[in-house]
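Please find below my notes on the two-chain model.

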Amino acid sequence: MSEVSALERPEEKRDEVESAVVRFAGDSGDGMQLTGTQFTLTAALAGNDLATFPDFPAEIRAPAGTTFGVSAFQINFGARRIMTSGDSLDVLVVMNPAALITNLSDVKPGGIVIADSGAFTSRNLTKAGYESNPLETGEGLEKYRLIQIDMSRLTVESVKEFGLSNKEALRSKNMWALGLVYWMYGRPRKASVDWLNAKFSKQPEIAAANIAALNAGHAFGETAEMPAEIGGYSIPAAEIEPGLYRTVTGTESVALGLLAGTQLANVGLTFCSYPITPASALLHQLAAMKEFGVVTFQAEDEIAAVCAALGASYGGSLGITSSSGPGIALKMEAIGLAIATELPLVIVNSQRAGPSTGMPTKTEQSDLYQAVFGRNADAPMPVISVSSSTDGFDVAIEAVRLATKFMTPVMLLTDGYLANASEPWRIPDISEYDSFKTNFTTDPKNFEPFSRHPETLSRPWVKPGTPELAHRIGGIERSDGSGHISYSPENHQKMTDLRAQKIDNIANYIPEQEIEQGEANDDLVVVGWGSTFGPISRAVSNLRIEGLGVAQIHLRYIWPLPKNLEELLSNFGKILVPEMNNGQLVTLLRSQFLLPAKGFNKVNGKPFLIKELEEAIRSELDK
Amino acid sequence: MNIQKSPDKLTARDYATDQEVRWCPGCGDYAILKAVQRTLAELQADPDQTVFVSGIGCAARFPYYMETYGFHTIHGRSPAIATGVKLANPDLNVWVVGGDGDMLSIGGNHTMHALRRNVDLNILLFNNEIYGLTKGQYSPTSQTGTRSPSTPYGSVDLPVSAAQFALGAGGKFIARSADILQKHLPVVLKRAYENHGTSFVEIMQNCIVYNDAVFSHFTEKSVAADMQVHVEHGKPLIFGSDLDKGLRLKKDALELEIVTIGKNGVSETDILNHDEKNRPLAMLLASMIPPEFPIALGVLYSDPSPTYDKAVHDQVESVKTKNGPGNFNKLLRRGHTWEV
């Protein structure tokens, strides 16, 4: 086991900054995601608030050195509340020319670019599309502070004693880079050393080599081998609500929330899914929770996944399925059956850029129409959305509550950005949540499968196997009450109305919409939903500091909409709806409320930048 | 809405609902319904622990007529939905009913995966070689040349053999019977019920409206004895009105041939004995097509093995035992945490 060097640069020599945005970019095989995750953990342990943005290619092993094989991990960390992963970069670390050419434009003017000059070979330069070596010519790098270091060579030297091949030795160069950036921000290496020792406990020489590289990168900064104008920085801890924290991705929070929800509902959890990017990680998470009795089923296809989930709900457990846009499209017929038979079901949709295969690893929020409207016939169901990586926990609990209380499928919308992005999470205490215990019907007296609760309009949930309650349900229209097959015109009208009423009525069982920031009669309100919460919040707060009358409303409930929303919105002078789609919520709001809401839309596979939103709001206000 | 059950012993009628049965007069489905109800009565199956799941098609109306739990679902998906039912509650007796279009065309994929997983389901495939409910189009089991509204000049594609498909998918219990075989069918259904795992039963069923008499070349009384071989484990594969025909392996070839006992020196000892655990033999029997060969009816293959639903729950239990029952607050604190 290697020791951490005790030498740290004295804090007083460091420039204190409020926040910083760092991006590690390299080849898919360079371990950039691990590097970023380690940096995130260390920033969290140092008490910073933070947000991350992992951005990786769809190809598992894209050809080395190509621009489409570049994998990047960005983190914004600071001494203040961090709302986004950052508009532009203070520091860009690039492990090869392809990473430089694809990421350089995101660096702030005057920002630092650290490049592994050892990887700028003529072969790699050609693959990236460079005709000459920009590190030598300085071409295109004029605006930035360039630090070129032969990290490849230094890494190989630092791990010499472990007798690794050159190829194996080079695998540690991400840790060398991490060590250097740790030095830049005065960060301890202990957490990463512990992690390396644990990860490679069965290959101690690999652990030792990685730790040696980490230490060597750190020592490189420490021993003043860095250019004089680039000293160290320090970022104090943020003011954060006291408590016990961990980092969590949107996938993890949704997984934990689904389990928490089923525990609060006192029902079993049967999770049925089919692998698809970026939703698969939810299956992985839940498959590892078997000690809670969680049943996971990797089905043969998307349709089988939703059908098995629905079968499980029919069987008396809560069936949950998960996918991304194209997979959700395949599930829709079965979701219609869930609506018709009024069985609970939760569908998690990790939205991605589309249509069709689109850009599977890139984010978008373009499935709102599909969620609210995308079924044959009049088939309403509740739709709720996750607005941050931590929010997934409460939203998933809410999905379970609505599904079981109202005997309906519920669609939970998250997206590719939230699925992978992490942020610190104050760990909740599950005992502080209200339980919503499910009441299975067991009394045969006057039992009818389609009788209705007088207030919620939901029908009884009966577990097959319950004595004397044997009955039949199905997709053919059924009589209200008895559930017998019925083609009666009056009955179909009645059942269609009831199905719609039941969902509309949910508006009485969800919180009223609150204003996130601003006053109820501000000049303009920005209405968002989903993962745009972070950048919208920061943009609105920045403009409010400037004195603009801008308010923010962020929706969790997409369908039904909160019952006070129309009134709230009608008090604002203007309504701006930024979305990572071509204008879906804005259409919904306009059609529901006949209000002149305007869209601000972007679909480039990346989250909104704060400055883009600020510009859009200003231009709407002519300021 | 429940029909009063007789206090001591359930009869076939106790498994019938009060709903009017709406198949065409003369449909083979009536006979199958009766056979299933008789079989359940014979087994004294608990109606409250029994679930019928179906997809879409004429056959898929089946659950509405069974006084048990029932779920009439969507086209082709019944094996997937039934798999979910078993995942939620492995103690239920789950029957899956569908036609050749439902289970071999739109739902072929789910049928295949239920079979290879060996989910504890009794799958009854009513094969009438036609689409009935949509008014007579040819189906994936229709013989080449079938004339139908969608193939007015005759179909040109080759049919799938249900039993061969099921064997190929790794099914552990494959049986075959016919709607009109009211003595044979309940015996097969009973075997299917008793088998743990996917019990796949192909039931040749006559569609009186769109494909009448499609199986008459082996079901008609005059030809039945010569065109059907009823297989029984351990017994010789003998058939024919005089019980003088038998099946044996061709010399130097992996093929069956029909021989006559008492001719060319053939005696009963030369006839193959049925071995229901022998998969290659099951494949040979499943591939026999009349009139060149008799159709093989009965349990073609039965080699019980662990069921998927039990394995899933056993794994959950073993993880619980190994890790201890889950503690949610502990799960939330798994991994790196820090105090602010």
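1. Helices (H or I, at least four residues) and strands (E, at least two) are DSSP runs, numbered from the N terminus. In chain A, Pro560(A) sits in the loop that runs between β20 (557-559) and α19 (565-570).

2. Basis of the notes. This is a predicted model, in which local features need pLDDT of at least 70, side-chain atom pairs count only at pLDDT 80 or more, and totals for chains, interfaces and linings use all residues. Residues are numbered from 1 along each chain as its sequence is written, chains are lettered from A and ligands numbered from 1 in the order in which they are written, and side-chain values use heavy atoms, with hydrogens and water left out.

3. Confidence. pLDDT is the predictor's confidence in each residue, on a scale from 0 to 100. For chain B the average is 96, and 98% of the residues score at least 70. The model as a whole has ipTM 0.96 and pTM 0.92. Where pLDDT is low, the predicted coordinates should not be read in detail.

4. Extent of the interface. Taking contact as heavy atoms within 4.5 Å, 57 residues of chain B touch 72 residues of chain A. The buried area (the accessible area, 1.4 Å probe, that two parts lose on being put together, summed over both) is about 5,600 Å² between chain B and chain A, and carbon and sulfur atoms give 64% of this area.

5. A salt bridge requires a side-chain nitrogen of Lys or Arg within 4 Å of a carboxyl oxygen of Asp or Glu; the rule finds three between chain B and chain A. One salt bridge joins the side chains of Arg117(B) and Glu300(A), at 2.8 Å from N to O. Polar contacts (a pair of N or O atoms within 3.5 Å; within protein, one must be able to donate a hydrogen and the other to accept it, and residues adjacent in sequence count only if both atoms are side-chain atoms) link 25 residue pairs across the interface, both residues being at pLDDT 80 or more. On the chain B side, the elements giving two or more residues include β2 (69-72), α2 (78-88), α4 (108-117) and α10 (308-323). The largest share, eight residues, comes from α10(B).

6. A strand pair between the chains. Two strands pair if DSSP finds at least two bridges between them. Strand β9 (residues 244-249) of chain A and β12(B) pair in the antiparallel sense over two bridges. Here Leu244(A) is opposite Glu339(B).

7. Strands within chain B. β8 (residues 238-239) and β9 (residues 245-249) of chain B are antiparallel, over two bridges, with Phe239(B) opposite Lys245(B). Their hairpin has five residues between the strands, and Gly240(B) there takes a positive phi near 105°. β9(B) also pairs with β10 (residues 256-260) of chain B, in the antiparallel sense over five bridges. Lys245(B) has Thr260(B) as its bridge partner in β10(B). In this second hairpin, with six residues between the strands, Asp252(B) takes a positive phi near 60°.

8. Other backbone points in chain A. The peptide bond from Gly354(A) to Pro355(A) is cis, with omega near 5°; Pro355(A) lies in the loop between β13 (345-351) and α14 (368-373). Leu594(A) is not a glycine, yet has a positive phi of about 50°. Leu594(A) is in the loop between α20 (585-593) and β22 (598-601).
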